[in-house]
Every structure is written in C-alpha cells, then in structure tokens.
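Hello,

Here is the structure I promised to pass on to you. Have a look at it first, and then read on for what turned up.

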Amino acid sequence: MPKDGGIGESTLRREDIRFLTGKGRYTADISLRGQAHACFLRSEVAHGRINGIDTSAAEEMPGVLCVLTGADFTEVGGNPTGWLVQSRDGATMKEPKRPVLAHGKVRHVGDAYAMVVAETYEQAKDACEAIVADITELPALVDLAAAAADTANRVHEEFDNNVVFDWGWIEENRAAVDAAFASAPHVTTLELVNNRLSPNAMEPRASIGDFDSGTGDYKLYTTSQNPHLTRLLISAFVMGIPENKLTVIAPDVGGGFGSKIYHYGEEAAVLAASKKINRPVKWVCDRSEAFLSDAHGRDHVTKIELATDKEGNFLAVRTETLANMGAYLSNFATCTPTFLHGTLMAGPYKTPHVYVNVKAVITNTVPVDAYRGAGRPEATYSLERVIDKAADELGIDPWEIRRKNFIDPGAFPYTTPVGLVYDTGNYHATMDKLREMSDVAGFEARAEESRKRGKLRGFGLSTWIEACGIAPSNLVGVLGCRVGLYDAATIRVNATGNISVLVGAHSHGQGHETVFAQLIAEKLGVDAKSVEIVHGDTSKIPFGMGTYGSRSLAVCGSAMMKAADKIIDKGKKIAAHMLEAAEGDIEFNDGSFSVAGTDRQKSFAEIAFSAYVPHNYPLETLEPGLEETAFYDPANFTYPAGAYGCEVEVDPETGGVDIVRFTCADDFGNVINPMIVAGQVHGGVAQGIGQALLEGVVYNEDGQLLTGSYMDYAMPRADDLPNIDVDHSCVTPCTHNPLGAKGCGEAGAIGTPPAVVNAVIDALHRAGHSHITHIDMPLTPSRVWSAING
Amino acid sequence: MKVTMTVNGKSMSAETEGRTLLSSFLREGLGLTGTHVGCDTTQCGACTVHVDGEPVKSCTVLAQDVAGKSVTTIEGMANKDGSLSVLQQAFQTHHGLQCGFCTPGMVMASAALLNENPHPTEEEVRHYLKGNICRCTGYHNIVKAVLAASGADSQKLAAE
Ligand code: FES
Ligand code: FES
C-alpha cells in the first residue's frame, strides 16, 4: 500500500481548492497600486517597410502616459535564439534579429511596432488608433516552398535567402541510407503536412512590469512556464538588467502547452515603460491578439520514404522536411524540427538506417515554436502514417508489421541510428495491452452495426515513443543549445518540522503542488500535509529551468530526491550526536532516525528542532539549520512509449468523422499519482484529436490570418470527444533517475494524430475506397467528403 | 456612472463607463477575479456567471444592463463554512480541472445545467457544456464530475 499521501496514491489536488473557489491568482488578477495599462499596436500587413511613425496625436489623447516605438529599443538587445543549429555543410545557421518592438520593418500580421501606456486599458487602446504609421507594403512570403526558393524577396534582408539552415541527421548515415533504398525490394512514399496549430492556453498571456526607483529593482509578473529562463533572457540578452536586480514571478498560470516557455517582447516592453513612467505597467492580451502574437506550433511539409523487404521488415527511413519558422526565430524554434524531431525518427523500431533532412524557412507568419510534444508529434505522425501505408501495400496487418519491427524487450540499452540510447522499454507489452483494451475481436460486429446505420467504421493504430526531459547539458551544449538543462530544488525544513520545497519546475496545470509533496512525504516519511511546494518566483528559488517537454518529475523531481538525500545525511549526523552513537550506525526509516538494532530513535521533527535550536548540538563539527539545495543534470532523456487505438465512424454523406472509442496503453515508468497521469493523457489526446480533426491556422496568400479568433479556429468541445480509456500498467522504470519516472504530459498529443488519421483511412478502405491513401490534417468533413467523392 | 447589483447575496456598486462589460465590472470594479476572461468573441465560457439564476457569459453583457439584478459568481459557490459545495467537490474528486482557468466558468455552467436538469445523461452534459472550452482536461473528467454531482440536492449546488 502506498504511504498516506505518498507515491502511487491518487491524492486529490490541493491546488484545486483555490481554483474551484475563484481564489486562484493569475497574472491578470493582480492589480498593483498605481498601475497603468499598456496596449500594443500591431501590424495589419504581413510584410512592410516602416517609413515613419507619428505618435504626436496619440500622446495628446486622454490618459496617455507614454508611447514607445521600435526606435526606443534600438540601444538594447533582441530576443535571441536559444539553440544554434549547424547546416549540413558545417555552416552555423542564420540568426535574424528580433527586436522588442519592430523597427524598420514589420514582418507578420500582428508584429507589434508601438506601445501606448495610459491610465486605463481603454484609453491606451483608443490612443493606439491615433498613431499614424507610414508603412510600405511588401510582397508577403507565406507559402513554404515559395519562400524557400525566393532569394529576391527576403523577410530579413541581411541574409541572402529565407532558409536559416539545411540540417542533416545524421549526415554520415546518408550514403548508407541511400544505398539501402537503392537495393530495397519495396519502397513506400508519403507526402504529408503537419498542420500549423495555435496552442490556445485558456489564459491569455499577461505581464506587469514594476520598476522600483528607490532600489533600482525590476519585478516582472508574467504568464510563464519558465520564469528563470525569462529572467536570464531579459538580463543577458535583451535589456542588460543584472539578474539580481530583476525578479520574475509566474503566479498561477492558466495552461501553456509550450506557448509560455518563451520570452516575448511584451515582457521587456512593460519593464521599460515602467521605468520610464515610474509606475507599474500592466498588459493583458486579448484572444484575437493572442492568435497574432503567441508562438504557433508544428507546420511541417514532409516527404517520408520507408524501405522494406517483402515481409515488411524495415530497412531504412528517409525524410525531407520544410519547417516553417515564421517571421522570427522564437527561443526554441530551431531545436523543435531538428533535435526533437530527427532524433525520434527511429520510433520504437529497429530500422537499421535512418536519415532526416530539415530545411528551416522564414516566412511572413507568426513565429512557430515548441507546442505540446514539439517535434516528436511530427516524427511520430510521419512514421506511423507511412507504416500503415506500407502495410497496406504489402498486405500485412498493421499490428503485425509493427510487432515484427519493434526493438525487442531484451535489446536495451538500445542505440538508434539517429543517435539516442533508449535505456529501457517494452513495446510489445503496451501493444498487447492495447489489443486487449480495444476488443479487436468485437470490431467486425461493431462495423456491421455501423454499416446498418449507413456509417463507415474504421480502426487506427499508432505506437509512439518520445524523448522527455531533454538532457544532458554537456551533450546539448555540443549540439548548439545555449542553456543547461538541469533543474534545482531546495528543501527547507523549518524549525517546527514542516517543510518548504523550492523548485525550479513550474506548474501550470500539472499538479506539482500535490505530486511533489507526495514525493517528499514518501522520501522523508512525513505527512504530505506538512510539505509546501514553492515555485514560479525567481527571488525565492535558487534556479530552475521550468516546465516543458515532460521534464518536471524526471528532472526536478530527481533534484528533489538529491536534496532530500542531503537532508537525511545531515539529519543522521545530528541524530548520531543526540543518540550518542556512531553516524554509521544511524538508520533513517519512515520519518525517524534510529540506532541500528536498538529502539533508540529521534523523530524527524526532533532533529529539525535541534538543528534550529542548537542547544545540545555539535556546533564545532556541524552547522545549525536544516536546508539543502541540489542541482540535478540528467544522464539521458527518459523514453516513455505506448500504443494508441482509435475507432471512428465516418459519415459518407457528409464526410463527418465521429470518434467512438479511444484507447491508450502507455509506459510512463513509475507513476507517482495515477489520477493526475490519466488527466495528462486525456488532455494530450484532446489536443491530438484537435490537430487531427479540427484545428489549423490558416493564412491567405497576403499573409492575413484567417483563423484569428475562436469563431474560426476550431478546438474540441465537450461533445467532439469520446471518453478516453487510459492504462498505464505497463511499466519499465527509467534506469538513470532515482524515481524510475519517465514523462506523460505530451504522450497524448504525440500518439493520437496518426491513430485518428489511420482510423479514417481504414474506414474508407473497408468501404472500398482503397485508392485514398492519405488525407492531410485537419480531417474536416469537407476534406473527407472531397476524398470520397473526388 | 455608478452601477449597483446584488453579487453573491450582497449589494455592491462601482463606478463604470457605459461600455464596461459585466466581466470587467466584476473583476476590476468589484475585485472578484474568479470570473475569468479567455476570449473576446463569447466562445470560451470562462466568464460564465449566473444573472437572476440564468447562466450568462459576462463578457457579452454590459454591466449597466445588469444593474439591480442578482449575480452569482464562483466566489459565491462554496458552502457557508467555506468548504466546497457538492459540485465543486465533485470537480476535485474526479480531477475535473488542471490549470483551473476554465474552471469557474465550467462550475457555473454545470451548476446551471443541474438546476435545469438534475439527472442529465452523459450526452446531455457534453451537449450543455459546448459553450465552455477547456484546453487541459479533454473534458473526460469534467463530464465525470458533473455526472457524479447530478441528482444532488440542487440547493447544495450554489450555497447561498
Ligand atoms: S471570455 Fe466570455 S466567453 Fe470567452
Ligand atoms: S483546466 Fe485548464 S483550461 Fe480547463
């Protein structure tokens, strides 16, 4: 049995109480004394030269306190690229400048070029409309292939074309891959689009800048998944404020899904404006503005080829991708299509030869960056779709072709041809589990029943693997990453024995306050109620790398375990003194320190008290206090994996797709809170179904955003989704972190899209439409109908 | 102008402009920030409150049009002793929330449903919640929570 409130228990979330009673404190809920309000003026054209901006009328408008434009930020730095990728020829990628406010040129609809600060938001908005900008419109580059080919029209004129890098992974594999294709008995080719998505966390971004002229300190409240990184970027790259003079606070954050990892110009702008007017400056994004300014996700055009023998054994995989970067390089935009995508192209399969080519293209669209799964959904989608197509061409069952190519459970650690070392896994087990859950035997009867109602039923399978908790710092540094990817935790045992844990991970829906407390409770043998988790404030926490890429538990949780080990070690020293025993004889079990083989013991609370009230204490050899910090840099990624099954009904009359059954069998390693893990999978699956059936950012050829609000960007609502059947009983613990934990947050978004599309294609094939081999996402009724009738 | 209304059983007033929406009147005028704003097109439901017992998206009505009426917000939904009401408790028990941003609107919409129809089917719950977007939960656990709370004494849904 799990310990009360400890590991393995579905402890209810403590944070829910405040969220359910309206007491959550999100950035937009904060009102500082004397705060003024900011509004940004954003480009209405996709590409244009700024000849001049006349702010004089706006400055005279009621309530206006200041107006800033790009000219006010020419003395400071810009928002940098966090990852420098090398091209195949060894050249370092192009790194276009990204100023705080656009200067000289606007490069996408929504590119902010002026900011008004006024007494009220409405006044600021009114004044924005009084700014007169002279902008010469330039031709917009929207189509990926056209932008890649165009050298005359360039988004950033300092470069000779719009391709920032041409990356090959792994370049040394290329000849062997080409040779495998040349001699392969069978080659399956598929061209597909991974549709551009808008993350749409329900809480719009918001920031408050607060400069204190008395101390020279800056404080930024902001909707961030990653407050320390935001501080680092503003300090070291953008504004040059010393890190110790800038505090970044990310309070309750209403979802991120990647879109709040990055630093955005608005954050620097509210700080600069606050200093200028000597008052706090608050900006709250509205939803239409969010569509124009939050980083989008995905947006790849890929050609994938799979070489097999006649029996369906995989011989080689080769891909060519154009990745849309948008108008600027968002912080981690370059690592998504490369190191998070190319390195996953082996999937859970023992394909001997793999080569991935990616060209990153700048266009006049909103910048793209990591969105739930980041690169891994794109890799999985390409691979799982081409495998189904190959199975169809070869006449092999989709379960069978995957099973025969899986890396065997006995083969770990397994080095893939794309450079990862999978430490552990059992792909057969998750697929067997899925088969059991999916009631494969009953499918024909269900399909027959659907047929009677004029519907086409299909089943789609996908197996997925991801690399979570990107690491280690040494390796990512060699690959071009400009930061380290460790995490940190401090455990502060207070004098009366309750515990504050200061963590570098950031919770924006993942339930850290509950799960991390469970970990500490179990490890230190205390009641979870006595453990408090503190996150999201750079002034309290030593350092942290935030939450993304399903890293919180595996990386920050491991840092917590390391810090807890230090607490226990120090506790043993104190106990040895108090119990007059040798330190080596002290055992720590279930919250108390005892002398081995005796009943002499001291409770955790007694040790803590003694550390803070050191009356009988070995002061010559031991410092008072009981507080320890640990930094943990993982030795490797973690590799969760799973198998997803989707059953659909297609209405041939309308092309409408109804998901009637969705089943997930995952291996997340050791699970701390099963309830929360299931919730993470549900959310990921919903976003995956959204990508497969509904969502897609659409630009017209002039670069105008046609999906600029919730009226025209479709997201799943309650009646678009089925119940989602989740199992995580297949467990192969991670071998290199102390928790044996992997990651679960992105799984649904990775495994789901190919399962849904495979299911629709299967339904169409069963109904005799065997010529339809692919439909691009989102599979809207009109696309499916056109495929059937086209 | 000064607008007065009964909010969670108490008479409250604040100065507003004619264009002030009920959502900003509650949030900025009265400091009741539990009502959230997630969109500007009346699509997401994060701002749902009850006006004279009916669910209303507060980002779509002018505060002055609600003058004199009775408004219930998420801040008025817990039991008198501060503990979670049956519906709120069901959301916690069934993990019907993650980031919590859609949650006030979800609770208010679900309470309105259960007032209208104390024993909805799963399909009816999904249909009723169409006007509220949750980006985190996939709705699975929200639907579970509402079904679990259904049939409860409707007086307990909003403890006023
Ligand atoms: S904020 Fe009112 S419906 Fe979205
Ligand atoms: S819990 Fe985050 S949007 Fe619903």
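At what angle do helix H17 and helix H18 of chain A pack, and how many Å apart are their axes? Please keep in mind that this is a predicted model. H17, residues 674-694 of chain A, and H18, residues 747-766 of chain A, meet at an angle of about 40°, and their axes lie 7 Å apart. With that angle, H17(A) is therefore oblique to H18(A). Their crossing is right-handed. On the H17(A) side the contact includes Val681(A), Gly684(A), Val685(A) and Gly688(A), and on the H18(A) side Gly748(A), Ala749(A) and Thr752(A) are among the residues involved. By class, this contact has eight nonpolar residues, five polar ones and no charged ones.

There is another helix pair to look at in chain A. H14 (residues 512-524) and H15 (residues 552-578) of chain A pack at about 35°, with 10 Å between their axes. H14(A) crosses H15(A) in a right-handed way. Among the residues in contact are Phe516(A) and Leu519(A) of H14(A), along with Met560(A) and Met561(A) of H15(A). Here the classes come to 12 nonpolar, three polar and two charged residues.

Now for the two chains together. Contact between them involves 46 residues of chain B and 51 residues of chain A. About 4,200 Å² is buried between chain B and chain A, and carbon and sulfur atoms give 55% of that area. Four salt bridges are found across this interface. Asp719(A) also forms a salt bridge with Lys130(B), where the closest N and O atoms are 3.3 Å apart.

Enjoy exploring!

Terms used: Residues numbered from 1 in each chain as written. Chains lettered and ligands numbered in written order. Predicted model: local features only at pLDDT ≥ 70, side-chain atom pairs only at ≥ 80, totals over all residues. Heavy atoms only, no water. Axes fitted to C-alpha atoms, helices over the stretch in contact; angles between N-to-C directions. Helix = DSSP H or I, 4+ residues; strand = E, 2+ residues; numbered from the N terminus. Parallel < 35°, antiparallel > 145°, perpendicular 65-115°, else oblique. Left-handed = near helix turned anticlockwise from the far one by under 90°. Contact = heavy atoms within 4.5 Å. Nonpolar A, V, L, I, M, F, W, Y, C, P; charged D, E, K, R; others polar. Buried area = accessible area lost by both parts, 1.4 Å probe. Salt bridge = Lys/Arg side-chain N within 4 Å of Asp/Glu carboxyl O.
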